[in-house]
Each structure stands twice: as structure tokens, then as C-alpha cells.
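Please keep the coordinates open while reading.

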Amino acid sequence: MIELLSETAAIQEPQRIRGLEMPWNRVMGSTEGPAGAARALGPWHPQEFMAECVETVPEAGGMMTFVFRRCDGAPLAFRAGQYVNIAFPVNGEDQEPVDRSYSLSSSPTEPWTFSVTIKRDAGGLVSPWVHDNVRPGTVLDMLGPVGAFHLPDADRRARYLFLAAGAGITPIMSMLRTIHDLPGTADVVVLYHGAEAGGFAFHRELAYIASVDSRVKVFYALGDRGRPDEWEGFKGRLSSAMIDEVAPDANGRQVYACGPEGYLNTATELLKKVGVDDTSIYMEFFSGDRQTLLEYQAELAHAADIAEEIAEEIADSAEDYYESQPAAFGMYEPGYDEDGTLKASGLPLEAVDPDAPASKESTGAAPETSAPDASSFDTVGTGSLTLSFLRTGINVRIDPELPILEVAQRAGVRIGANCKEGMCGSCKVVKLSGEVDMNHQGGIRKREIDAGKFLPCCSTARTDMVIDA
């Protein structure tokens, strides 16, 4: 026993190469033949593909990990922290699927299978269906990888602070697994906030990684809710003192944070207080940077009546906020039911006369559709082209070089808006006529484009258009 203890005490730290480098990084610039075979593992661009579930793994905190493999046998090449958009047939195979984006929780170093980890939201539409229906053998339509929230392809210093709250641990877990799998020097601190002591997903794996990888330290924190007497982690909400304790050198680290909106807003302010520069902070704010959020808050402060209406609509579509991963901020997201938009500022809803003659649709004949006459709409703005928004009941003049979404929202057209970069697909609308130039980043499928849908955030008008929004 004494000899065994002395051998343990003599164990030294591994010798490592400097920094971290993703396995595909050198392939990008290589012209050698053998390296060409590795190009399939490079996360070059989002693709549409079918994937089969091969395993489900229950996690703590009401979460479930779903392991998939591509049906075409190809690896899924992605960067740690990115996500995939999945079409779920929640209303039946013969109905239009419901799209949701979920962060990949697995590591790209093991690309032949990949995982998403989904938290069940009892009041949601999609997550309960996924938990109850997706099983080994289930095949789903996917698009990805997508997202700018990810580790760099090469980092000579590789000093990170990961902040996660609740389901925000999923992309952080992908990053941590990746670093653990790769050679190289790194210094990683994880601070993970949870709602209850038994609700930390991946806690066993996190403990294992921290115990065998000297580059990683993991800390846990419970919020202001009740805590068991034996709790040994941090207590209370995220604070500058908490950040200082786990990472006194936070201003020398790259910070990746994922969690609910309030948590991310708090983290942004606290990181500034401890000296972390904005250029070193990466969050799941799809709107690009915090300035957009500040501008939106100021806008609401000067328009209380609009704020109240938007707040009601956001409550109606809460699932899109708390179930979707990464986190998103649909500032103009309207409420929907099975018939479409619940509230529209332009066109009135019309009651159906039960005594009216049966329509051609009910008799099996092709229904006649009569679109509103856009010539009666008010016209706003200046420009050489006209966008007619039928649901809102307004014509908007626009110049061909301007993004459609920006001009439309300024005119009061309510279109869901998250990333504004063509990645998330939340602003997807239907054009009934006209042509656009669209430069998307994977947020829309080919079948949707063929059906007339487009992303106004990354589109400019080529002609006059009629839009179903």
C-alpha cells in the first residue's frame, strides 16, 4: 500500500502541445491528396439530411439526450456549440412539420453519431412530443450545422470561462467534451447554475472529466430557491463575486455563456464589471450583439402601449422562447392558432355564416381564393419598389439594396426576428408574388423555398412583391 501511494504521488502532469486546434483545421488549407479524405469532417456549410435516432439517454433536470446518425452514412461535421434545425411531425405525417433548433451536445471529434439534449416543457408543443415519440428508429428531417456560437478552429492560448444555466449547458457540454477529447494545453472553468440540487444534467460526466482532466474545473451554483443543508456549491444568482471566485483572471479568458434571457443579460453586465472586454464574450444572442437588445428596450420604454401588446403576443408564443435552443428574441412574434395569426393590425377577421351555401372546398372542388386589393392599403416609406403585406394591410416602399425585414419592421409589420443573419429561420414568410435575392446561412430548406417561402432578414427585393405577413 505504501508503495502504491508513493507511485501515485509521483504522477506528473502530461506534457502537451501548445493551445488547441480542431481536427479539421489543417485540412482547410491542405492540398495534399491524403488530407482530402478528411474534408468530409470539415464543417463547411449547412446541409439538409435525414437522420435516424439510435439511442435515448435520460438526463437530470427533465432533459433527454437523443443520439442520431445520418441516414446517408456521412459524418455530421460541425463546430462545438452549433445547432441543428429539426422538422418534427407533431401534427401527423400528412401535416406541415414544426421546426425547432436545438444545440448539439456531443463532440465533433466523434462525428459518426451526434446528439441533441432537449428539456421537456410541459406547456410546450414540441418538446413533450419529442420526449414521448422519438425513439430508436425514428427518422427526422434536419438542417445544419448552423450558428456562430462555437469554439475557434485554433486557439494558441485556449483559456475559457463557460457560464451555463439550465438547458444552456447543452452547447457548453459540446465544447467541454471537445476540449477533453483534444490534445493541447487549455485552461477551462465551468460555472453551472441549476434550479435544484438534483437537476444538473451531465453531472456524472462533468465530475469525471474534472477528475481526470487537469485542464478543467467545474463549479455548481443554486439560485435563490430552497437549497438542501448538505449543498456545498455556490448559493444565489450569478454575481461578480462568484465570477471572481471561480475565475479571478476572467478578464484574460474567452467567455462563452448560454442560458435564459435574464441570465445572459445579467452575465453581460457582470462580465463588464470584472473587466472582460466585449470582444471576449460570446453568447446565444441571435441578434448579433447586445446593442440590438438595448435599442429594443429603449423603444419599448417610449411605446408602452406597443410593449403591452407585444408582451401578450410573446406570452402566447412562449414555447418559441423557452423551448428553442439557442435562446432567441422574437421581438415582433405574433400569436398563432390553427387558423393563422390571432392579431393583425390591418385585415379584420370575418365570422362564417353557418347558413351560407357550402363552399367549393367542402364539396371537393378547388377553392376560390380572393386576395385583398392592395391598392386600398396605406403606403409608407420611399423607394423604387413596393412590398404589399396582406395580413398587415400596408404597402411599404423600399429600395432594392435594403433588407426586407428591417424596412418591414420599421413600418410596423410584425415578423418574428431572431438572428437576422439567415441562420435561425424564425422570420420565414411566404411571398405570393415577386422575386427576391436571398443570401441565407442555412435557415431555410429547399422544399420551403420551392413552396414560396423566404427569409426577409437576408433578402432584398428584385421586383414589386406581395407578401403573406
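How do the axes of helix α5 (residues 169-181) and helix α6 (residues 203-212) come together, and at what angle do they cross?

## Basis of the description

This is a predicted model, in which local features need pLDDT of at least 70 and side-chain atom pairs count only at pLDDT 80 or more, while totals for chains, interfaces and linings use all residues. Residues are numbered from 1 along each chain as its sequence is written, and side-chain values use heavy atoms, with hydrogens and water left out.

The protein has 13 helices and 24 strands, where helices (H or I, at least four residues) and strands (E, at least two) are DSSP runs numbered from the N terminus. Of its 469 residues, 47% count as buried, buried meaning under 20% relative accessible area, exposed over 50% and partly exposed in between, with a 1.4 Å probe and protein chains only. Among contacts (heavy atoms within 4.5 Å) with a separation of 6 or more, 66% join residues 24 or more positions apart.

## The α5 and α6 pair

The axes of α5 and α6 come within 11 Å and cross at roughly 30°; axes are lines fitted to C-alpha atoms, for helices over the stretch in contact, and angles run from 0 to 180 degrees between N-to-C directions. The two helices are therefore roughly parallel to each other, a label given to angles under 35 degrees, with over 145 called roughly antiparallel, 65 to 115 roughly perpendicular and the rest oblique.

On the α5 side the contact is made by M173, L176, R177 and H180, and on the α6 side by E205, L206, Y208, I209 and V212. By class, this contact has six nonpolar, one polar and two charged residues, counting Ala, Val, Leu, Ile, Met, Phe, Trp, Tyr, Cys and Pro as nonpolar, Asp, Glu, Lys and Arg as charged, and the others, Gly among them, as polar.

Six strands form an open sheet with parallel pairing in the order β12-β11-β10-β9-β13-β14, two strands being paired if DSSP finds at least two bridges between them. At its edges are β12 (234-235) and β14 (281-283), each of which pairs on one side only. Helix α5 packs on this sheet, touching β9, β10, β11 (216-222) and β13 (254-258), and its direction makes about 150° with that of β9. Helix α6 lies across β10 and β11 and runs at about 145° to β11.

Six of the seven residues of β9 (residues 159-165) are buried, so this strand is largely enclosed by the rest of the structure. Strand β9 pairs with β10 (residues 187-194) in the parallel sense over seven bridges, and Y160 stands opposite V188 in β10.

## The mixed sheet

A further open sheet of six strands has mixed pairing and the order β17-β19-β18-β24-β20-β22. Its edge strands β17 (378-380) and β22 (453-454) each have a single partner strand, so one side of each is left without a neighbour in the sheet. The pairing of β17 with β19 (residues 394-398) is parallel and spans three bridges, and the bridge partner of T379 in β19 is N395.

E59 is found in strand β2 (residues 47-59). E59 and H203 are 144 residues apart in sequence, yet their C-alpha atoms are 9.1 Å apart in space. Leaving aside neighbours within four places in sequence, E59 is in contact with M64, T65, T117, A201 and F202.
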